[in-house]
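Here is a short briefing for you to read alongside the coordinates. It goes from the whole chain down to a few local details.

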Amino acid sequence: MNIKIGTRGSRLALWQAYYIQDLLKTAGVESELVLIETKGDQILDRSLAKIGSKGVFTQELEDQLRAGTIDIAVHSAKDLQSSLPGDLSIIAFTERERVNDVLVSHDKSLSLTSGREFVVGTSSTRRVAMLKHFCPHIKTVDMRGNLQTRLRKLEEGQCDALLLAYAGVHRMEYDDLIAEHLPTREFTPAVGQGSVAIEAASTLAIDKLNTIRQLTNHEPTEACLKAERAFLRRLEGGCSIPVFGLATWENGEISLTGGVVSLDGSELLRDRFNGPPAQAEQLGHSLAESILAKGGDEILRAVRQNL
């Protein structure tokens, strides 16, 4: 058996692909990497909100899945759109890394809670809106590109710090640049943050599918991400929508926290639901309905009109 793994070409994307390759290798399964450039990699002079969030980092890989050029596509789970076409599905989620956001800077004295004014670089609408809500003294600048590109821009002085996912910073071994770990009770991460997702077409041979799933899927993470993605799907969220969600596995149950924040940070809605893993998707749907009923529908309408 030989598995063709489709991946983007950035260092972080390659880390994820090699990680999957190593998991497959534990059972003697051979694989090869196929590098594919996406629209999100090509267009770096506009924010994600401006170029559209649907399939920005996934469309080209999905085209190759359909063509049979690759067997699976490897993504950061947070980059996957909440609704997939009927001929594609996520067949595995790897065990999750720590999920929180981190402040990255050469100045370790920087802290979002110090009251000190400084400039943070981020391309995330969610992070910008949360900074406006919790830290209105912080200024932001749009910061696109892979991790190394953003770090170069930091070196050039385009910002004082970056706001990034811990998982990517840790996997690229830049832990020494972390100035602050942000608490998830306030800065709740994007849906899927910290896990690697494996996507396949419905035409993938069943023996390959079962083997890949057996060797790479982490069931507690899968249940949590099913809840998160159901929440995001009901809100019709994406990379450019400031929706946040985090499910954790606690004593055999899923605890799901999520919500939405307005673009100017003035309104933030949050709620929490608990339930059994078997009802993960219903849990996400129930949380979404609660957020919408609390006024989330108005916030989302305003967000979409202004992006």
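With 307 residues, a compact globule would have a radius of gyration near 19 Å, and the chain agrees, at 19 Å (taken over C-alpha atoms; the globule rule is 2.2 Å times the number of residues to the power 0.38). This is a predicted model, where local features need pLDDT of at least 70, side-chain atom pairs count only at pLDDT 80 or more, and totals for chains, interfaces and linings use all residues. Residues are numbered from 1 along each chain as its sequence is written, and side-chain values use heavy atoms, leaving out hydrogens and water.

**Whole chain**
- The C-alpha trace spans about 55 × 45 × 35 Å along its principal axes.
- The chain holds 10 helices and 13 strands (DSSP runs, H or I of at least four residues and E of at least two, numbered from the N terminus).
- Buried residues make up 55% of the 307 (buried means under 20% relative accessible area, with a 1.4 Å probe and protein chains only).

**Helix 6**
- In helix 6 (residues 147-155), the buried residues are Leu-147, Thr-149, Arg-150, Leu-151, Lys-153 and Leu-154.
- Their cover includes strand 5 (101-104), strand 8 (161-165) and helix 7 (166-171).
- At the start of helix 6, a side-chain oxygen of Asn-146 comes to within 3.1 Å of the backbone nitrogen of Gln-148.
- Just after helix 6, Gly-157 has a positive phi of about 85°.

**Ser-82**
- Ser-82 sits in the loop between strand 3 (72-76) and strand 4 (88-93).
- Ser-82 has a relative accessible area of 8%, so Ser-82 is buried.
- Beyond neighbours within four places in sequence, Ser-82 is in contact (heavy atoms within 4.5 Å) with Arg-229, Leu-232, Arg-233 and Gly-237.

Methods: Buried < 20%, exposed > 50% of the residue type's maximum accessible area, 1.4 Å probe, protein only. Polar contact = N/O pair within 3.5 Å; in protein donor to acceptor, adjacent residues only side chain to side chain.
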